[in-house]
Amino acid sequence: MTMELRAEITTRIKDYLQQYIHTPWLANQNALNAFEHQWLDARDPAELVNYFCLQMDLYPTLNAIGFGFVTGQQILVRKHADGTKRVIASPDIAKQMFSLDCQAFVEIEAQTDVRQQNWYQIAMQQEHNAWSPFYAAAETPANQHSEIRMALSRVVMDNNRQRQGVLRAELALSELNEMLSELDADRSGMTFLIDEEGFLVASSRQNTAFIRQSRTSAGLMPGSSISHLQRVAALDSDEHLLSHATKHLFGNLGGDLKELEFCHKTDFMLGDERIFIQVTPFQEPLGLQWLIVVVLKEADFIQYKHNYFELSSWLLIAGLLLLLLLGWMLTRIIIQPITVLSETTSRISHVQWGQYFPDSRISEVQQLSSAFRRMTRQLQEIFYTLEQRVTERTHALKQSMLALEESQSALQKSEARFRAALKYSKIAVFCHDYDLRYQWLYNAPPVLAQAFGKTDDELLPAKAAMQLTSIKQRVLTTHLSARQEIPLSVNEQTRFYDWIVEPTYEDKRNDGKQAVSGLICVAIDITEHKQATTELFEHREHLEQLVHQRTAELQTLNYRLQGEITERKRIEALERQYMEKLAHTSRLSVMGEMATQIAHQLNQPLTAIATYSIACKHLVKQIPLPGNDDKQEKVQVYEVLDKINSEAQRAGEIIRHLRSLSQGSKLHKAKLHINVLVDEAVNLISVEAQWHEVRLALRLAEKLPLILADKILLEQVLLNVAHNAIEAMDAIPKSSRLLTIGTQLTNDNQLLITIADTGPGLSKEAIEQAFTSFFTTKKHGVGLGLSIGLSIAKAHEGQLWAKPNAQGGTTFYFSLPVKPVDNELSDE
C-alpha cells in the first residue's frame, strides 16, 4: 500500500508539473503565431498589452508575460494574488500606449536595458524557447517565496529573419510549494523537488529554496536590490526529514543523481522510525531536469491504516445487522431473481451470448430482465462489429509497423553507407546556422576539428576566413549555390580544398516562399590532385622539349619529301580541275541545247497566252456579264487576266535567263533584299502548298544586308527546291506536313537560305547524287532541277547542299556571299 500511495502522489505531481511547465510554452507559441500572421505588431505597444492581458486570463498559472525590444525597452503584464493586473513599461514605450482595453494599472519603470538580463540573452543565443535561471522580482517584499520566479523566453523574427525582440512568460515557484503542500501524504511525511545537483526547488513544508542577498547586479530585473540568489542544497536544509532523506538518496545512488533514469524506491531508518522514499526523474524537453521525492513515515502509515481498519470494522458490523434484518424479506422476492440475473449478466460479460434471463413476479425485475435481453442482443451486435473493426485495425497497424521498420532499416542503411563512403575519403561535410557558426561537422580537417559553435574568423587565418565568409555570405544573400577553391595553412603546410556551399531552408513563410535557415558545405581535399597536376605539367614540358628536338631532326628529312609531295599535289589538282571543267562543259552543253529547244518550243505558246489574255480583257470590256453588279465582276475578271499575262511573261523571262546561263552569258544582277525575294516566292508556292495541304512557316532574320544577284534565277532555285519538298511530303500524314523557309546571316558573312520539310527524307547516297544531272528519285522526274540550282548558286559564287533532319525530313541550304553594293549599279 505504501508503494501505491507513493506512486499516486508522484503521478499527481508529474501531471501538475507537466501542465505547469507547458503553460509558458503555449503562451509563447500563441504569441509567436500571432506575430507570424501579423495579428500582432511590435510597433503598437497598446495592442501588445491587450493581447498579454488576454493571455493572462487564459493561463491562470502564469505570473507575468511580456516582450523585450531589441532597443532595450520592455512591456510586462504581471498578475497579483488578488487577480489585478499591473503593466510595467519603459518610459518611451509607455508614452505610446494611448488606450488599453484591459483594466490594468500602468507603471513606468526606471530606465533600464533588458538586453542585459539573463532571460533576454539566453533567448538571443539559442533562437528558440529557453528557460532562464531563477531570479527575484524587485517589487515583492523580502523573504517571501512568491518573489522567486523563472521565465521561458523566445526570440521573435519578422519574415526577413530580422530580430524584433524576445517574448517572456514567467512562472512563480510559490505555485509549486502550494501544490506540494496540498497533497495529503500523511501527518508527518513530505514531498519536495530537487535538481540533479541536489539543490532544492520546492517543498511541501514551505521551506525556502533560496537565500536572498542585497547587492546590485545587472543580472536581475530593473530596479531590483537583489543581486544574487544563493541556492539551498537539500543536504543543508533546516528541515530534518528532508536533509536526511536526501543524504540517504545520495548514498544509495552512489553520490550522483544524474545517473537516475527510472523511478527508484528505497527506505531507511531514522532513529527508531522506518522512512519510505520514492524518487522519480522529471525531464522537460526544453532542458529542465528535476527529481520528485516522496517521503512517508512507517509509523504514521500504520496508525492511519489501523484507524481506517477500526472504522471499517464497525461499519461492517452495522451493515451485517441491517442485512440480517432485511434478508428474510428480500431473499425469495428480490434477491434470488436478481442473483440469477447477475450470474447471467456475468456470463454475458465473458462473451457467452446464449444465456436465458428468467421471468419474475416483480414487475420492475421483469422489466429489468427484458431490458437485459435487449441489451444482450445489442451487445452481441456491437461485439461482432468491434471484433471485425479490431481485426481490420490490427492488420492495418501491422502493415504500418512493417512499413515503419522497413523505413527505419533503410534510413539506418543509408546513414551507414553515407558514413562508410566518407570515412576513408577526403570529403568533409559541415552545417552552419544563419550566423555562419558551425553546427555539425563530419570528417573535418584538423584545423576545423574543434569548430562546433564557432565561426571561420575564430578558427582560420584572416585571408582564408575572409574568402570563406565572403562565399557563404553570398549564398545566404542570393540563395544560389557557390563553388570555390580555397587554401588552408596548418603548421606551415598549405592544403587546398574545393568548397561547395548550398543553402538550407526551413518551413515556408506566410508569402509562400522558403526562408534560408543556414548552409551546408562540402570540402574536398584536392592537394594531392594539384601536386599531381603540377608534376604532370612539368613532365609534359620536358616531353615537349624532347619532341621539339626530335621534330627539328625530322624537319630536315621532311624537306626532302615536301618537294615531291607538293609536285604530286599540283599535278593531281590540275587533273581534277581539268576533269571538273570537262564535266561542267559537258553539262552546260547539254543544258544549253535543252534550254534552246525548250525556249524555242515554249516561247510561241507563252506569247500566245499573253496575247490571248490581253484580247480577252478587251472582249470583257465590250460584253456585259450576267448579274446585278456588272462592274465589280469585270474588275475580278481583269485581275485574273492580268495575272495570266504576268505569269506568262515571267515564264518567258525564266527561260531566257536559263538559256543565257547555259550559254555562259553575263548574269542580270541587281540590288535586292533576300527577305523580299522569299516573300514573293512564298506567294507562288502557297497555292501548290494548299493543294497538297502543307503548312508554311517563315523564320526570316531582320536587318539583312542587300546583295547583287539575278532575281529570276534565285527565285527559280527556291521554287524548284520548295516544289520537290512539297511533293516529297505526299507520303506522310496531312497533319505532319510542314515546310519551313528561313534566312540568316552567318558568322563568315554569308546569307543563308534554309528550306526544311518533314517528309520521309533522303538517304545519304541520294543526297550525295542529288545535284548530279539526270539523277532523280521521282517516277516521272527529269533530274535537272537541283543540278540547275547548283549551277545558279555557283554562278553567284554561292553553294547549294542538303542534310537530313534529326526528326525526319531534309533541309536544303542555299548560301550567297555578301559584298559591298555599288549604288551606281542599275536595278534591272
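Student: How many aromatic pairs does the structure hold?

Tutor: This predicted model holds nine aromatic pairs.

Student: What makes the pair of Trp801 and Tyr813 stacked?

Tutor: Let's take it in two steps. Rings pair if their centres lie within 6.5 Å, and the centres of Trp801 and Tyr813 are 5.4 Å apart. Planes under 30 degrees apart count as stacked; here the planes stand at 15°, so the pair is stacked.

Student: Which parts of the chain does this pair link?

Tutor: Distant ones: Trp801 belongs to strand E26 (residues 799-804) and Tyr813 to strand E27 (residues 810-817), with the two residues twelve residues apart.

Student: Why is Trp801 called partly exposed?

Tutor: Look at the number. The relative accessible area of Trp801 is 31%. Buried means under 20% and exposed over 50%, so a value in between is called partly exposed.

Student: What sits over the ring of Tyr813?

Tutor: The charged end of Lys803, 6.0 Å from the ring centre. Another ring with a charge over it is that of Phe496, where the charged end of Lys530 is 5.0 Å from the centre.

Student: How do you know which strands stand at the edges of the open sheet of five strands?

Tutor: Start with the order, E22-E24-E25-E27-E26, which has mixed pairing. Strand E22 (695-700) and E26 each have a single partner strand, so one side of each lacks a neighbour in the sheet. On average, neighbouring strands of this sheet are turned by 15° against each other, direction ignored.

Student: What makes E24 and E25 a pair of strands?

Tutor: Two strands pair if there are at least two bridges between them. Strand E24 (residues 738-745) and strand E25 (residues 750-756) have six bridges, in the antiparallel sense.

Student: Now helix H9. How does its reach compare with the span expected?

Tutor: H9 (residues 462-478) has 17 residues and reaches 24 Å from its first C-alpha to its last, close to the 24 Å expected at 1.5 Å a residue.

Student: Which residues of H9 are buried, and how do you know where they lie around the axis?

Tutor: The buried ones are Ala464, Ala465, Leu468, Ile471, Lys472, Val475 and Leu476. They cover an arc of only 140° around the axis, which puts them on the same side of H9. An α-helix has 3.6 residues a turn, so residues three or four places apart point the same way. The face turned away from the buried side carries exposed residues: Ala462, Lys463, Met466 and Thr477.

Student: What comes just after H9?

Tutor: His479, which takes a positive phi of about 65°.

Note on methods. Residues numbered from 1 in each chain as written. Predicted model: local features only at pLDDT ≥ 70, side-chain atom pairs only at ≥ 80, totals over all residues. Heavy atoms only, no water. Helix = DSSP H or I, 4+ residues; strand = E, 2+ residues; numbered from the N terminus. Expected span 1.5 Å × (residues − 1). Buried < 20%, exposed > 50% of the residue type's maximum accessible area, 1.4 Å probe, protein only. Arc of directions from axis to C-beta. Phe/Tyr/Trp six-rings, centres within 6.5 Å; stacked < 30°, edge-to-face > 60°. Lys NZ or Arg CZ within 6 Å of the ring centre and 35° of its normal. Axes fitted to C-alpha atoms, helices over the stretch in contact; angles between N-to-C directions.
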